[in-house]
Structure formats: C-alpha cells, structure tokens
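Dear colleague,

Please find the structure below, followed by a short account of what was found in it.

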Amino acid sequence: MNEDEESAIDPKGSKSKDASSLKQGGIKKQNSTIVYEATSLRGTEHIIKQARHGGWNCWTFAGLFKYIFLSVAIQIAVGQDYAFPDGKPACKTKEFSYFESPGHNKCVCHLVVILEENYLALRTLVAFVLGGFVTHAVMLWRTRRTNYCQVCGASRSLILQISSILPIPSDPNNKDYEEIKRERETMERWALLGYELSVLKGKGVIDSQSGKIHLEELGLLVGDEWDKMVAGDRHTTVWYWIQQKAMHLADQGIIKSEHRLQLLCQAVRVMRDRANDLMSCTDRDIPNGYSFVVGFLINLNLISRSLFKGVQWSTWFFESSGKVYLTSPAMWTDLILNAAIFISYIMLYEIAMTLYNPFMERPETDDVPHKAISAGIRNLGNSLGEGKDTRPSTMFWMKSQADEYKRLGLRHRPQETRNSLLSHSALNEVLQLDTNVTAAPRMRVLEGLKAWKSTRT
C-alpha cells in the first residue's frame, strides 16, 4: 500500500469516503498532494512544467502547438488544385455569396467566410467567460493566502497568551518547578504543532507518513501523540489537548483566575476557527460544471480559429503555388502570432490549476513561503518559553517587585524621573548655547548640577 492509500484509510481500516470523493469532485490526489484536475485541455500543466524545467522533446512541442499543426495541415491539404477548380485568384471577394452565379471557387471561399463569422461570434463569448473564470481563480488564490496570514496571526496570539498567562518557574527549589516548567513547554509545543498540522492539511498530507516525519524532524511530535490524534482532524485534536491542559492547570491553581482561563480558551477558539481548513474545498473551489463549460468553450474557440486559419492559409498556399513560406513574410508573422494566441488561451485556463493550492511551496512560484514564516513563529514560541531571557530590566520598577526581580536574577533599580532623562552633559550644552541666559545664572545652574551629581553618586 502506498502513501496515498494509507492517508485515505480510516482507523477502522475502511476506505475513507472523503478520499474516494476527491476524484469525483474535480480534485485528485497525486504524490500525497491535492491538485486541481482541469476537465479540459488535459496534460497542458505537464507540458508547461516540462518546458519550464527544460524538458523539451518532440511530444512536448507537439502538445503545446497542436492547434498550429492542425492549421498547417489543413492549409497544405486544402491548398491544392482540386479545391480551386476555377483557378487563380483563389477568392475574388470577401463578401462571398454561395448562391451567386457563376461562382468562383465557391466551396473554399464560402467556407472561409462561414468559419470567420462563427469564430468572431464565439471569440466574444469566450472573452467574457474566460475573464470571469480567471478573476475567480485569482480571488480564491488570494482568499487562501489571506486565510494563511490569519492563521499565522492567531498562532502568534495563542503563543503569546500561553506565555503570558502560565507562570514562569524561577525558583528551582520550588517543589512544583519541574512540573510547571514541563506543562508550559508542552502547551507551547502543542501550539506550534497545531499550526504545522493546519498547513499539512492544506497540503493534503496531514495523515501521511511524510507529514509525521516532518513533524518529528521539527521536534514537535513526542511519544504516542501521533497515534492519539483523530485522523483527518489532527490539528483539532491538538486544540482539544491545549484546552484540557488549561482546565487541569486551573483546577490545580496554577492558572489562578477564571478570567485568565477564558482568555486562553478564547485564543484556542480563534486559532481553531482560522486554521480549520486552509483549502476549504466545500466553499472555495471552482464548480466543476463552470470549469467544464469554460474549458469546452476555449477548446471550441481554439478549434474554430484553427479551422478558419487553416482554410484561409490554404488560399494563400494555392495562389503562391506552395511557396508561401518562401515568398511571404506575412505568412510567418501570422503563424507566430496565432501560435502565441493559442498558447495564451491555454495558459489563462490552466492558471486555475497553478493557483489552486498556494501551500505546496513549489520553486519559482507565488506559493506561500511557509518554511521561512514557520521558522519565525517557532523561534517566537521557543524564545517566549524562556521568560527570563525575554524580560527586559525595565520590567519591574516598584519596590514591592524587588523580590521577583531577585528571583529572576536581575538587579532592582528604581525608575528615574522624567527630569533625569536629560543627561548632565546635554543640559550643560543647552545652557551654553542659550544666549538669553546670563553668566551669573548659568554658573548657579552649573553649580547646582555638580551638587546634584555628587548626591547621586
């Protein structure tokens, strides 16, 4: 059994309905990741990926330029003498009527007019539909990235609440020193664990073995915690652990007030709400019917243009006696521009696949840089866990806090008044620069400063 199958099996050993429904809902699982499955233009993502990484070959080239090849094939096949029985020129007028008598190469010329009319009508419809499709895809991409930013903010807030509300053990001789320290470190590690699990769910690997190994490498997974988590909702299980631990600490009197407990539980609730499902396929996916209609219209538009250009180019081919590529720069210009148009339509449709999941951290893309961001959040959690190292010397000023200062290994010094914030040298320079102060008052001020300084030392 491979890794994908393992993640689609529930603890009882039966296939998960959610996993089996992924393929039915326009989403398929590949290599332990969830990706968007386009219902049309299949294989284009693979072609573009090969082109970007330099994996060009004849099949890649053929897949990306198939519509141009179709047009050129029609040009050569139709641009023969049998299709133009009335000889040159191929078509006398653009406004051709099939019923005019006598006709001049009426079959091909009438076909050119009909294909052009239908292509132009279809092009307008596709422009509106494709514009809305791309806008919707970009909006969903931005929504998921915004949701990730909210998860990061909620994670920092939860770490802040745990670090601020739980007491910092400072006396190693206290009988509860080791227990309180261990409880505090465990809750902060769980906050980071839940955050990482939330992102793993967005990547589609929350239940996979690779996700477990990733958490173990970060040092966030200890003991049998992985086995005790609810499959598919492992991050929610961690939030449950944090609240249960907070209730236990409140019962033990370590969290000393009901209000502090409520603040901590509120932070857990906000975190659970923000990190429930970063992908949220239920309300954020592009409808399959909509995707199919857009893909169908794009394919129809590209085929229509390919047919029109092929028949139109066949008239050029016939009039040049097959030498149009040697004598007409316009032929090459039209060929290149149409190739660019075909590729642009394909890329605009496939952008929904590229932007679907911004949590995959693919190179050279706009995916969320989770590794860098999560490293900062883990550093915050580890730093705030050691309260002594993050408390400045200005934390305690009152004399009643001198004992706390001493227990933390700091030196208590009363806060200086506002008037003493200006140094003696700075005040002296001010007096010397002030021309309105006469010599006698200035000397009295300086003597007063010297006397004040001697009392301070």
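The protein exposes about 26,200 Å², of which carbon and sulfur atoms supply 56% (Shrake-Rupley method, 1.4 Å probe; for residues, only the protein chains shown count as cover). This is a predicted model, in which local features need pLDDT of at least 70 and side-chain atom pairs count only at pLDDT 80 or more, while totals for chains, interfaces and linings use all residues. Residues are numbered from 1 along each chain as its sequence is written, and side-chain values use heavy atoms, with hydrogens and water left out.

The secondary structure comprises 20 helices and two strands (DSSP runs numbered from the N terminus: helices H or I, at least four residues; strands E, at least two). Of the 457 residues, 39% are buried (under 20% relative accessible area; exposed is over 50%, partly exposed in between; 1.4 Å probe, protein chains only).

One disulfide is counted (a pair of cysteine sulfur atoms within 2.5 Å). Cys91 and Cys109 form this link, with their sulfur atoms 1.9 Å apart. Cys91 lies in the loop between α5 (66–78) and α6 and Cys109 in helix α6, so the pair ties together parts 18 residues apart in sequence. Cys91 is partly exposed, at 25% relative accessibility, whereas Cys109 is buried, at 2%. Cys149 is in no disulfide; the nearest cysteine sulfur, that of Cys152, is 6.3 Å away. Cys149 is exposed at 53% relative accessibility, and Cys152 is buried at 8%.

The buried residues of α10 include Trp239, Trp241 and Ile242. Just after α10, Gly253 takes a positive phi of about 85°.

With kind regards
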